[in-house]
Amino acid sequence: MTYLEKIREAKTLKDIAHILGVQPKTVSFLLYILPEEEKYRSFEIPKRNGGKRLINAPISQLKMVQRRLANVLYGCVAEAEKCAPSRRPLAHGFARPRLIGTDASKNKKRRYALGIFSNASLHKNRRYVLNLDLEDFFPSLNFGRVRGFFIKDKRFELNEKVATVIAQIACHKNELPQGSPCSPIISNLLGHLLDVRLVRFARKYNCTYSRYADDITFSTNLKDFPDALAKPISGKVSYWQLGSSLVKQIQRAGFKVNNDKTRMQWRGSRQMTTGLIVNKKVNIRSEYYRTTRAICNRLFSTGKYYISDPENPLDGLNKIEGILSHIHYIKDRADFREETEKKTKPLAIRKLYRRFLFYKHFVALEKPLILTEGKTDPIYLRAAIKKLTDYHPRLGKFADDKFFSAVRFMRYSDTINKVLQLGGGTGDFNYLIQTYKKNIESFKFKRLIYPVIVLIDNDEGANTVFNTINAIKKSFEIKITHKTAKQFYHIHKNLYLVKTPENGTDPKSCIEDLFYPELRETLIEGKKFDPSKKHNTDNTYGKTVFAEKVVRTKADQIKFSRFKKLLDRIIAVLDHYEGQKQSLEDF
């Protein structure tokens with residue numbers, strides 16, 4: 001049964017609680033017992049163009065329920081869209097990725113993320129671009145509108161009691177709060193009527209329409225902009241007044257316009273939509289990129305940075321990482337096709353972003369970093385460290401019944417894979433090792449408080465890594481082979497190699513060899529474990545299933561004593577680096 005079918009059949013609070021996967025008493029407590037003033041934490045954040053924005057952040061328990069409600073509603077929308085004709089999206093804010101185009105480089109359909117880029121791209125290279133803003137967007141979506149929508153909308157038509165419970169979960173002080181996980185999806189659902197009316201209105205006058213949250217944009221290549229949408233105010237060239245017909249359409253949908261933020265941009269001037277330039281192609285403001293580049297140069301030279309106030313340097317790298325991620329996201333999508341077709345050098349922002357990510361993960365470490373050959377090894381090692389804290393307390397410990405790891409594992413996200421060219425394969429490790437010295441030496445400020453450990457299986461796949469290190473480190477007394485049994489191999493500065501312990505007469509090994517045979521022989525749905533496979537076959541299951549359904553679920557019962565020798569090698573790296581880091585220049 002689909003989410004949409006389940007929610008339509010729901011009759012009571014208990015039914016909704018089961019759909020959300022929580023206890024009915026939990027929902028009842030949050031809605032009817034917990035005092036209203038204890039449900040949210042209120043604070044203000046600065047707006048991009050000045051002023052303050054009030055954020056009402058729900059407490060963790062309520063946030064969990066709201067997030068699950070949001071997931072259910074997103075699922076309902078996806079199910080409804082499958083049954084409807086394919087249409088261009090009108091609302092680009094708070095939307096999940098969907099099939100809206102074709103990847104030209106691979107000539108196949110792919111998922112494109114809806115956001116400020118997709119919104120802005122609809123209005124590039126136009127004669128006129130009109131931007132307007134809805135006033136009090138979230139506060140205007142009150143309890144009654146939310147409840148009434150779920151009762152009357154043809155996609156839902158929910159039971160009145162169920163609609164009431166949903167509105168109670170979603171609303172705070174009679175409005176959708178900014179800060180709730182379910183406010184974005186509900187605001188898009190309620191804003192759909194506005195979108196339908198305005199896109200029809202725009203087409204009537206040969207204009208393009210889109211909305212990102214409370215930002216609305218119309219654009220056209222007509223010689224004269226339609227007066228029904230907007231016209232210049234006499235004597236004030238830069239000021240335009242919205243047409244009364246357009247204003248009525250907005251008001252009929254239950255919204256009102258913030259007249260102070262209405263602006264017309266025409267060809268020959270800088271045209272912007274949702275903070276992005278749209279004159280020829282979607283792009284970042286050049287001064288924004290130059291400022292960011294200067295901030296990064298300051299960080300790489302001194303280890304400190306500030307955004308606007310030199311007297312108040314910022315702690316941590318999250319702020320600058322968010323800025324770089326945003327710039328890279330926009331420019332990567334705007335310029336990828338051009339870069340591919342011309343076979344030019346990588347984009348400047350990609351090189352800057354790559355340099356920052358290298359700095360973050362390998363220079364300014366907050367913990368020792370371990371790079372493994374994939375996503376399953378960290379599951380094994382975390383479980384082993386957690387079980388063997390008495391044996392190696394330096395790798396992790398318990399405090400107030402909560403486990404705290406003293407090491408970090410590289411998470412191979414899409415960004416790390418694409419920008420840093422690290423996905424956990426030995427080929428990626430080979431590239432990292434070959435370029436590590438050059439990359440490290442490019443930074444004036446070298447924090448290097450903790451070591452970086454490349455941990456690989458001592459099997460055939462490691463040969464290329466061994467050969468690369470042997471070529472770089474000609475000073476090694478004995479070249480690295482499958483048989484050599486050193487605890488670690490120091491490569492450069494804070495970079496080390498550790499391989500899985502050798503196996504007796506046949507030294508080749510993999511990390512799965514550290515589990516006892518009886519665990520490796522665990523059957524899942526009648527299938528045997530094959531450590532050479534990542535995924536399932538007809539007769540076997542691979543590493544992913546073994547990690548998730550065997551190691552993770554049985555961690556408390558597993559004997560990890562065979563992991564001690566591998567953990568000893570990690571500790572040996574920590575000891576060696578602690579003694580050497582005071583004289584890094586001598587490495």
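These legends accompany several close-up views of the structure shown above.

This is a predicted model, in which local features need pLDDT of at least 70, side-chain atom pairs count only at pLDDT 80 or more, and totals for chains, interfaces and linings use all residues. Residues are numbered from 1 along each chain as its sequence is written, and side-chain values use heavy atoms, with hydrogens and water left out.

**Figure 1. The whole protein, to get your bearings.** The C-alpha trace spans about 85 × 60 × 50 Å along its principal axes. Its secondary structure comes to 19 helices and 21 strands; these are DSSP runs numbered from the N terminus, with helices (H or I) of at least four residues and strands (E) of at least two. Of the 587 residues, 48% are buried. Here, buried means under 20% relative accessible area, exposed means over 50%, and partly exposed lies in between (1.4 Å probe, protein chains only).

**Figure 2. An open sheet of five strands.** The strand order is E16-E13-E17-E19-E18, and the pairing is mixed. Strand E16 (408-409) and strand E18 (489-492) stand at the edges with a single partner strand each, so one side of each is left without a neighbour in the sheet. Two strands count as paired if DSSP finds at least two bridges between them. Further in, strand E13 (residues 369-371) pairs with strand E17 (residues 452-456) in the parallel sense over three bridges. In this pairing, Leu-369 stands opposite Val-452 of E17.

**Figure 3. Strand E19 and its two partners.** E17 and E19 run parallel and are joined by five bridges, with Val-452 opposite Leu-495 in E19. E18 and E19 run antiparallel, joined by three bridges, and here His-492 is the residue that stands opposite Leu-495. E18 and E19 also form a hairpin with two residues between them, and Lys-493 in the turn has a positive phi of about 50°. How many of the residues of strand E19 (residues 495-499) are buried? Five of the five are, so the strand is largely enclosed by the rest of the structure. In a regular strand the side chains alternate between the two faces of the sheet. In E19, Leu-495, Leu-497 and Lys-499 point one way, Tyr-496 and Val-498 point the other way, and all are buried.

Figure 4. Strand E6 (residues 208-212) is mostly covered, with four of its five residues buried. E6 pairs with strand E7 (residues 215-220) in the antiparallel sense over five bridges, and Arg-211 stands opposite Ile-216 in E7. Two residues lie between the strands of this hairpin, and Ala-213 in the turn has a positive phi of about 55°. Side chains of opposite charge can pair when their charged atoms come close. Asp-195 forms a salt bridge with Arg-211, the closest N and O atoms being 2.8 Å apart. The pair links distant parts of the chain, with Asp-195 in helix H8 and Arg-211 in strand E6, 16 residues apart. A salt bridge here is a side-chain nitrogen of Lys or Arg within 4 Å of a carboxyl oxygen of Asp or Glu. Asp-195 counts as buried at 1% relative accessibility, and Arg-211 is buried at 0%.

**Figure 5. Two further salt bridges.** The whole structure holds 16 salt bridges. One of them joins Lys-418 and Asp-332 (2.6 Å, N to O). This pair links distant parts of the chain: Lys-418 sits in helix H14 (residues 414-419) and Asp-332 in helix H11 (residues 318-342), 86 residues apart. Lys-418 is partly exposed, with a relative accessible area of 40%, whereas Asp-332 is buried at 4%. Asp-530 and Lys-533 also meet in a salt bridge (3.4 Å, N to O). Asp-530 is buried at 19% relative accessible area, and Lys-533 is partly exposed at 34%.

**Figure 6. Two surface patches.** Patches are made of residues with over 30% relative accessible area and no salt bridge; like charges are joined within 9 Å, and nonpolar side chains (Val, Leu, Ile, Met, Phe, Trp, Tyr) within 5 Å. Accessible areas come from the Shrake-Rupley method with a 1.4 Å probe, and for residues only the protein chains shown count as cover. Phe-29, Tyr-32 and Ile-33 make a nonpolar patch of about 320 Å². Ile-33 lies in helix H3 (residues 24-33) and is exposed, with a relative accessible area of 58%.

A positive patch is formed by Arg-87, Arg-88, Arg-200 and Arg-203. Lys and Arg count as positive and Asp and Glu as negative, while His and the chain ends are not counted; the place of a charge is NZ of Lys, CZ of Arg, CG of Asp or CD of Glu. Arg-200 belongs to helix H8 (residues 183-204) and counts as exposed at 60% relative accessibility.
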